[in-house]
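User: Could you go through the side-chain contacts in this model with me? I'd like to start with the charged ones and then move to the rings.

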Amino acid sequence: MKIVIVTGGSRGLGASAAIECARNGMGVVVTYNNNPDKAEEVVKTIAQSGGKAVALKLDVGNTSSFPAFRHAVATELETLWGRRDFDYLVNNAGYGLFNPIATVTEEQFDGLSNVHLKGPFFLTQILLPLMADGGQIINITSATTRVATAGVAPYASFKGGLEVLTRYMAKEFGGRGIRANSIAPGAIRTELGGGLNDEFEALLAGQTALGRVGEPEEIGGVVASLLSNENRWVNAQNIEVAGGYII
Ligand SMILES: NC(=O)c1ccc[n+]([C@@H]2O[C@H](COP(=O)([O-])OP(=O)(O)OC[C@H]3O[C@@H](n4cnc5c(N)ncnc54)[C@H](OP(=O)(O)O)[C@@H]3O)[C@@H](O)[C@H]2O)c1
């Protein structure tokens, strides 16, 4: 059985990715930050369908917590699956923040940087020794790296950095058969940045070829699919999954 770690798996895209991966036969480690109950719901949903999952606390913005997290992962791998390694890492955890460049504070900038770029960098680094050869890393970026959207400059910039980092991961980890790809969602109906109001949703739907915003399952399914053997030659790519957003 392949094992995947999904950061930010308590809600939204991460929860959907966790459930879709379990449906494809993977064991799942989901992480949560402020919502342990939501993460336990995901674990329960997976268990009810005959899968196996566990939820662990992780603040991706706090690198000093990573050694303890790695230790907790190693313990769960041994206890639940009798393994000393895992196969896939999905760096998904994140949050949105709207503020124009003119008024972004240094604290807001650093917070977004820590969660969207520094966190995935050092989390991947610390988990690498536990990752099996032939595994894969998927970094969740954003369509805002391609289409400038006023109000999300630091967020989009760090997502852009994460997209570049993905190619460097593919370059440096390829010798172990580890692939790295990024998925760039367009607007998806989650609680990100407080969620979509009707007006914003209508605007985004109007800018999308398929005429609507996406649903979490439409990203979760792509994550699971990209991890499958059928996609084993896809490497170092950024895959926008956005229904044809501003084309
Ligand atoms: N929804 C979209 O339209 C969209 C578009 C492009 C990219 N994305 C990206 O997709 C990813 C998931 O977003 P979403 O839409 O699913 O958002 P969401 O519904 O708000 O869920 C965010 C998830 O990330 C976790 N999280 C937030 N801050 C964290 C931190 N500091 N450390 C660890 N976990 C943290 C949350 O955990 P708790 O709830 O436990 O605190 C939750 O599980 C993000 O990276 C986001 O930037 C989303």
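User: By about how many helical turns are Arg23 and Glu20 separated in helix α1?
Analyst: About one, because Arg23 and Glu20 are three residues apart in helix α1 (residues 12-23), where helices are DSSP runs of H or I with at least four residues, strands are runs of E with at least two, and both are numbered from the N terminus. Please keep in mind that this is a predicted model, in which local features need pLDDT of at least 70 and side-chain atom pairs count only at pLDDT 80 or more, while totals for chains, interfaces and linings use all residues. Residues are numbered from 1 along each chain as its sequence is written, and side-chain values use heavy atoms, with hydrogens and water left out.

User: What kind of contact do the side chains of Arg23 and Glu20 make?
Analyst: They meet in a salt bridge, at 3.1 Å from N to O; the term stands for a side-chain nitrogen of Lys or Arg within 4 Å of a carboxyl oxygen of Asp or Glu.

User: And is Glu20 buried or exposed?
Analyst: Glu20 counts as buried at 15% relative accessibility, whereas Arg23 counts as exposed at 61%. Buried means under 20% relative accessible area, exposed means over 50% and partly exposed is in between, using a 1.4 Å probe and protein chains only.

User: How many salt bridges are there in the whole structure?
Analyst: A search finds 10. One of them joins Asp85 and Arg83 at 2.8 Å, N to O, and Arg83, Asp85 and Asp87 are linked in a network of such bridges.

User: Which parts does the pair of Arg176 and Asp133 tie together?
Analyst: Their side chains form a salt bridge of 2.7 Å, N to O. Arg176 lies in the loop between α5 and β6 (179-185) and Asp133 in strand β5 (residues 131-140), so the pair ties together parts that are 43 residues apart in sequence. Arg176 is partly exposed at 31%, and Asp133 is exposed at 54%.

User: Switching to rings, how many aromatic pairs does the structure hold?
Analyst: Three, counting rings of Phe, Tyr and Trp (its six-membered ring) whose centres lie within 6.5 Å, with planes under 30 degrees apart called stacked, over 60 edge-to-face and the rest tilted. Among them are Phe98 and Phe200, whose centres are 6.1 Å apart and whose planes stand at 85 degrees, so this pair is edge-to-face.

User: Where do Phe98 and Phe200 lie?
Analyst: Phe98 is in the loop between β4 (86-91) and α4 (106-127), and Phe200 is in helix α6 (residues 198-206), so the pair ties together parts 102 residues apart in sequence.
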